[in-house]
Amino acid sequence: MSNSIWRITKYRCDETGIPYGDPIQSLCYTQELMESYKNPKFVVKIEEEVSPNEWVVVWTAERG
């Protein structure tokens, strides 16, 4: 079992799925959930905590 923590930087989406506003951040505690966030439509990047207050980018969306 993993004890990793991931920080997800993402946009809010309206009822039609269109991203809007400034990015927000949330934490994720399971790898399965983190993998589900790999959606370039509204997620900007995913970082993994490698030590207290030290984050490494593990995934980014390719912005056109």
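Mentor: Gladly, and let's begin with a definition: a residue is buried under 20% relative accessible area, exposed over 50%, and partly exposed in between, using a 1.4 Å probe and protein chains only. Please keep in mind that this is a predicted model, where local features need pLDDT of at least 70 and side-chain atom pairs count only at pLDDT 80 or more, while totals for chains, interfaces and linings use all residues. Residues are numbered from 1 along each chain as its sequence is written, and side-chain values use heavy atoms, leaving out hydrogens and water.

Trainee: Why does serine 4 count as buried?

Mentor: Its relative accessibility is 16%, which is under 20%, so serine 4 is buried. Serine 4 sits in the segment before β1. Strands here are DSSP runs of E with at least two residues, helices are runs of H or I with at least four, and both are numbered from the N terminus.

Trainee: What joins the side chains of serine 4 and glutamate 48?

Mentor: A polar contact of 2.8 Å joins them. The term asks for a pair of N or O atoms within 3.5 Å; within protein, one must be able to donate a hydrogen and the other to accept it, and residues adjacent in sequence count only if both atoms are side-chain atoms. Apart from neighbours within four places in sequence, serine 4 is in contact (heavy atoms within 4.5 Å) with Cys28, Tyr29 and Glu48.

Trainee: What is the pattern of the protein along the sequence?

Mentor: It reads β-β-α-β-β, with 1 helix and 4 strands. The 4 strands make an open, antiparallel sheet in the order β2-β1-β3-β4.

Trainee: What makes β2 and β4 the edge strands?

Mentor: β2 (19-28) and β4 each pair on one side only. Two strands pair if DSSP finds at least two bridges between them. In general, strands of a sheet pair through backbone hydrogen bonds, either parallel or antiparallel.

Trainee: How do you know that β1 and β3 pair, and how many bridges join them?

Mentor: β1 (residues 6-13) and β3 (residues 43-51) run antiparallel and are joined by 5 bridges; the rule asks for at least two, so they pair. Isoleucine 8 has isoleucine 46 as its bridge partner in β3, and lysine 10 has valine 43. β3 also pairs with β4 (residues 54-60), antiparallel, over 6 bridges. There, serine 51 is bridged to glutamate 54, and lysine 45 stands opposite threonine 60.

Trainee: Why does asparagine 53 count as exposed?

Mentor: At 74% relative accessibility it is over 50%, so asparagine 53 is exposed. It lies in the loop between β3 and β4, a hairpin with 2 residues between the strands. Asparagine 53 has a positive phi of about 65° although it is not a glycine.

Trainee: Which residues belong to the largest nonpolar core?

Mentor: There are 9: Trp6, Ile8, Cys28, Met34, Tyr37, Val43, Ile46, Trp59 and Ala61. The elements giving two or more residues to this core are β1 and β3. The name covers a set of buried Ala, Val, Leu, Ile, Met, Phe, Trp, Tyr and Cys residues joined through side-chain atoms within 4.5 Å. As a general point, nonpolar side chains in soluble globular proteins tend to be buried together. Setting aside neighbours within four places in sequence, the contacts of isoleucine 8 include Cys28, Tyr37, Val43 and Ile46.

Trainee: And why does glutamate 47 count as buried?

Mentor: Its relative accessibility of 7% is under 20%, so glutamate 47 is buried too. Glutamate 47 lies in strand β3, and its C-alpha atom is separated by 4.1 Å from that of valine 57, 10 residues apart along the chain. Not counting residues up to four places away, glutamate 47 touches several others, among them Trp6, Thr9, Trp55 and Val58.

Trainee: How many of the 64 residues count as buried?

Mentor: The share is 22% of the 64 residues.
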